[in-house]
Every structure is written in C-alpha cells, then in structure tokens.
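Colleague: I am new to this structure and would like to go through it by question and answer. Please begin with the fold and then turn to the interface.

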Amino acid sequence: MPKIIVDVMPKPEILDPQGKAIGAALTRLGIEGFREVRQGKRFELKVHGEITDEVLAKVQHAAQTLLSNPVIEDVVSVKKTECGGNCGCGHAKSDQAPNGHKDLLA
Amino acid sequence: MTARIGVVTFPGSLDDRDALRAVRLAGAEAVPLFHADADLKDVDAVVLPGGFSYGDYLRAGAIARFAPVMDTIVDAAEGGMPVLGICNGFQVLTEVHLLPGSMIKNEHLHFVCRDQTLRVENAQTAWTTEYRQGEEIVVPLKNQDGQYVADAHTLDELEGEGRVAFRYVGWNPNGSRRDIAGITNARGNVVGLMPHPEHAVESGFGPDSVEGGRIGTDGLAFFTSAIKGLLARASS
C-alpha cells in the first residue's frame, strides 16, 4: 500500500529539551561521540488508491496546518514511499525508485 | 445585568469546573460551552481552561484548536470579546494564532506543580484591570509544556507594545523566554497565561500566604476585572 511520509523537526533555533535528555542518556550508556541529538516526528499516511498530485497537495496542506506548528517546527520532507514489494500486499517493486521512496520536497 | 462568562470543555479538559466555579465566585453567570457546539450561547466572555485536551497528542492544543467552537471564538475575539486562556487554554490560543509564539516542553523536562509568584506587567487588559501595575500575585502553576518560546522579533514586539501581561518572579519554572508567564493581544481583550488563577479564588482552597495556609485568592481579580469591564460597557 502506497504511503506518504512526513518528517517534522523542531526549528534549529528552538531548544529541544527531549533531544537534550536523549543525548545525556546516550552518554550515560557509553554511546559517545555525538555533538547534539534532536528529536522530531514522523507521520505515515496510507493512501486509498494512487498517490496523485492532488493527494500530495492535500498532504502538503496537512503538514503545514495540523502536523506542524510553523512557529516552532519545520516540515523537512514529504516523501512518497512504496512498500518495496516485501510486505505481501502484491505491490510490485518499483524500478524507478529502487530505494522505495522519492523525495518530493526538493 | 449579570455578565455571562462561558467556559469551554474539550475532551481532556481538567479545570473547566474550577473555572466555572471561579466565574460564579466572582459574581458572573457561569455558562458551560462544549467543543463540538459552535454556539456560544450569548456569553459576553470566554475562558479556555487548563488540562490536556486530546491528551496533548501531536502538540498541546494542536487538535483542540480545530474544534467547531473555536471558529466562533476566533470571530468573537476579533470583534473584541474578552477571551482568557489558562495553561492548555493558552496553548490553544497560540495554536489558533490569537496570540503569538508557542509552548514547548519545560526546559528541565519535569512536570511542575507549585505556588508561583507573578508580576502583573499590564494592568490594562480585559482580565487585569482590577490589579495594580507591577503588583505581585501568587497563583498555582502546574504544567509540562510550559516553556514559552517565540522568535526575537516577536518577543521585542511584545515587550515594546506592553503585551507581556505577566512575568515569573523569583524563579522561572519552565525556561520561558524573558520570564514570560502570560501575554495579551494588541487590543487587550485576549489574554493567555500558563499559571492558574482559577485555583486561587476562595480562601481555604488557594495557595499559602504569609498570613496563613491556603488562604490566597489572588486569582479572583482576573474574573472581577472582566465582569467590571463588561458591565461598564453594557451601561455606557
């Protein structure tokens, strides 16, 4: 089943307390060498039927209105992804996008 | 005339009953409003209460702001109706763009619950006229996503226009920019703050004060301010 993936991150100038806490936990676990950790959100929208330009426009709109708050967050990407042919849904592997997805935010 | 002040209940609101009670104790008629009903029932002012509307899923206030009642409230607020957002209500007001900026998780990531001193920085809003400019008050504060953030330009604009309504005194409990606890819109009819004035309205149930335990009623003047303004407007 085709999906659209929306990635949202806190704006670079906004402090990310959760990312900071995760960074501190990594250090405590001895997993070191990272300057900063920032935590974002990933949304997966499964689509009825084909992913058309109209569907993508709707997702772009959703990303800017509900899924993110432009005061504190950036929509960093809106990507189309196929299942890759591995999930048993009968969807063929795409030759054009061998990695299974196509970045739609240039 | 008796002023009618509505309090909206969203799924996950917690302090709607307390806000209704505060409205009654201040001398107005308290009118329950419901998120799914766009009708404001002829109220003269609206309170968006604290709590965790929609479980704070996505972002605090992000889903509640699309409730049918919010469209009507935005129109009424733009027409000058007094609107007060407390805690989660403040978060809803920023998400719906009636107030600038946003709230993110407390800097230290802990949930905070304490009696908090605030300074009234603007005693001319619809909800603060019964305070003195610069007066210090104590009301409860309890939140997880209470860190007020906005870009430097917005913060300078708020400061320059006297739109910082309340500032934390003594301790900044959540890392809010410039110790901001509450702000107002340019017109002064929409006010949002993280602390909870509705929990400091009746002796015996309020914050501790130097005169005794739980006797603080510093929050009551939010509501009496609004009522006085509404009655003055009705009689003029």
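Modeller: This is a predicted model. The secondary structure of chain A consists of two helices and four strands.

Colleague: What percentage of the residues of chain A count as buried?

Modeller: Buried here means under 20% relative accessible area. Chain A has 106 residues, and the share that counts as buried is 31%.

Colleague: How much area do chain A and chain B bury between them?

Modeller: The contact draws 15 residues from chain A and 17 residues from chain B. Of the area buried between the two chains, 68% is on carbon and sulfur atoms, and the total is about 1300 Å².

Colleague: Which residues form a salt bridge across the interface of chain A and chain B?

Modeller: The rule finds one salt bridge across this interface. A nitrogen and a carboxyl oxygen must lie within 4 Å. The closest N and O atoms of the pair are 3.5 Å apart, and the residues are Arg59(B) and Glu73(A).

Colleague: Which elements give two or more residues to the side of chain A that touches chain B?

Modeller: That side divides into nine nonpolar, four polar and two charged residues. The elements of chain A that give two or more residues to it are helix H1 (17-28), strand E2 (41-46) and helix H2 (53-67).

Technical notes. Residues numbered from 1 in each chain as written. Chains lettered and ligands numbered in written order. Predicted model: local features only at pLDDT ≥ 70, side-chain atom pairs only at ≥ 80, totals over all residues. Heavy atoms only, no water. Contact = heavy atoms within 4.5 Å. Buried area = accessible area lost by both parts, 1.4 Å probe. Salt bridge = Lys/Arg side-chain N within 4 Å of Asp/Glu carboxyl O. Nonpolar A, V, L, I, M, F, W, Y, C, P; charged D, E, K, R; others polar. Buried < 20%, exposed > 50% of the residue type's maximum accessible area, 1.4 Å probe, protein only.
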